Amino acid sequence: MDEDRCRSGILFAVPKKKIAVVPGDGIGKEVIPQAVSVIEATAALVEFTHFDWGADRFLKDGTTIPADGFQMLAQNFDAIFLGALGDPRVSSNIHAKEILLGMRFKLDLYANVRPVKLLDEGLCPLKNVKPDDVDFVVIRENTEGVYMDMGGLFKQGTPDEVATQEDINTRKGVERVIRFSFEYAKRNGRKKVLMSDKSNVMTYAGGLWQRVFKEIAKEYADIQTQHMYVDALCLQMVRDPESLDVIVTNNMFGDIVTDLAAALQGGLGMAASGNIHPGRTSMFEPVHGSAPAIAGKNMANPMGAILSGAMMLRHLGLTAEAEKIEAAVLGAVQQKKTTVDVGGAMGTRECAEWIRDRVSQA
Ligand code: NAD
Ligand code: IPM
Ligand code: MN
């Protein structure tokens, strides 16, 4: 508890926001501690508790996440700050599935919000694209679709083998993520929500998305709507990113288009995300993975993790602190105080330290 003073001069206690930190694997273990130190430099009233869930722990004692882990996170923490999960030593990827997808599913974090914002012209691989031209957000359904891993094998190991993978779309799941997207647009002064699917081929699932989108849109007369097949959306993201505002799509399409979207911002090292269920303990993580090839080399770009930290603070109501971080990252990009992947010459630590110093002085 920190003490603060209200106008009448009476002292009252301001509770610190409790954050569970899970660096995970590979570069997650490098970028997350750096992002935590940047958050600390804002003097935000937050308290971090660190968890060692990831490949090392799994290989040591078989723990992915303890049995009561999800309940403990939901009850004891205001937010979760996660790095990345995935390690070549765990070929089944079981720990990543249980920890990362476990959080998304078991905490019911149904909206994966992935902002796509270009901070400097030099970061975009497209020609003549200015920062204002790339400023949209992808809201990815985060609890259903092919990620439910329903399906099966028939006649396995024979020439007649059959594999099925079901795409699960519930009315409730589709409706809540579409409604979230319209609410997000309304709250953030966005003008348009575009729903993307593949309803020309996946007629049952796409049909549900189409019907629900049209129905919910009626409640938001001030917000324009648009539909685009996901293949056409990929083209549009490259040809005319300026036309995009809020995009809502299913779990798998959202996964794919956000790597493409990350490229527009300078690469995976720049992209931030929040896995959100309004009113519940939500989870924030960079979009990138554990990048085994560059792990442990002080090469990873920490900006995606740092910007995810800013998203988390904003979500927790710590807006001024989030703004300090975002301004410092923008300053670093503009002054080329960056890692090699985005054209700079700094290491992970040096880049984060520059940002941290800037935040401390703000
Ligand atoms: P990846 O994001 O780890 O790497 C893709 C490419 O981007 C690589 O060339 C990598 O070097 C580069 N890259 C990623 N982050 C970077 C950063 N911060 N700075 C500089 N370069 C960066 O994706 P991948 O190679 O497909 O997957 C590696 C592992 O991570 C796999 O086990 C995968 O399942 C896992 N993964 C986890 C998450 C997550 O935890 N949210 C996300 C994606 C992938
Ligand atoms: C992401 C990742 C994950 C996903 C993997 C690691 C399961 O690619 O967060 O984008 O597919 O959602
Ligand atoms: Mn992905």
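Which side chain has an N or O atom 3.1 Å from a nitrogen atom of ligand 1? The side chain is that of glutamate 285. This is a predicted model, in which local features need pLDDT of at least 70 and side-chain atom pairs count only at pLDDT 80 or more, while totals for chains, interfaces and linings use all residues. Residues are numbered from 1 along each chain as its sequence is written, chains are lettered from A and ligands numbered from 1 in the order in which they are written, and side-chain values use heavy atoms, with hydrogens and water left out.

**Domains**

- The protein is divided into domain 1 (14-113 + 274-362) and domain 2 (135-264), with bounds that come from an automatic or database domain assignment.
- The C-alpha centres of the two domains lie 25 Å apart.
- Domain 1 gives 15 residues to the contact between them, and domain 2 gives 15 residues; contact means heavy atoms within 4.5 Å.

**Nonpolar cores**

- A nonpolar core is a set of buried Ala, Val, Leu, Ile, Met, Phe, Trp, Tyr and Cys residues joined through side-chain atoms within 4.5 Å.
- Buried means under 20% relative accessible area, exposed means over 50%, and partly exposed is in between (1.4 Å probe, protein chains only).
- The largest nonpolar core has 85 residues, and those touching the most other members are Phe81, Phe136, Ile139, Ile178, Phe182, Ile325 and Ile355.
- Helix H9 (residues 303-315) supplies the largest share of this core, eight residues; helices (H or I, at least four residues) and strands (E, at least two) are DSSP runs, numbered from the N terminus.
- Because domain 1 and domain 2 both give residues to this core, it lies between them.
- Apart from this core lies another, of 19 residues, including Ala20, Met72, Phe77 and Leu107.
- Residues up to four places away in sequence aside, isoleucine 355 touches Val38, Met303, Ile306, Ala328, Val329 and Ala332.

**Ligand 1**

- Ligand 1 is surrounded by 18 residues, of which the closest are Leu85, Gly289, Ser290, Ala291 and Asn301; a residue is near a molecule if one of its heavy atoms lies within 4 Å of it.
- An oxygen atom of ligand 1 lies 2.9 Å from a backbone N or O atom of leucine 85.
- A polar backbone atom of asparagine 301 is 2.9 Å from a nitrogen atom of ligand 1.
- The protein buries 63% of the 800 Å² that ligand 1 exposes when taken alone; accessible areas come from the Shrake-Rupley method with a 1.4 Å probe, and for residues only the protein chains shown count as cover.

**Ligand 2**

- Around ligand 2 are Leu100, Arg104, Arg114, Arg140, Tyr147 and Asp255.
- Oxygen atoms of ligand 2 lie 2.7 Å from a polar side-chain atom of arginine 104, 2.5 Å from a side-chain N or O atom of tyrosine 147 and 2.8 Å from a polar side-chain atom of aspartate 255.
- Taken alone, ligand 2 exposes 320 Å², and the protein buries 72% of that.

**Histidine 227**

- Histidine 227 lies in strand S11 (residues 224-229) and counts as partly exposed because its relative accessibility is 28%.
- The side chain of histidine 227 makes polar contacts with the side chains of aspartate 197 (2.7 Å) and glutamine 210 (3.0 Å).
- A polar contact is a pair of N or O atoms within 3.5 Å; within protein, one must be able to donate a hydrogen and the other to accept it, and residues adjacent in sequence count only if both atoms are side-chain atoms.
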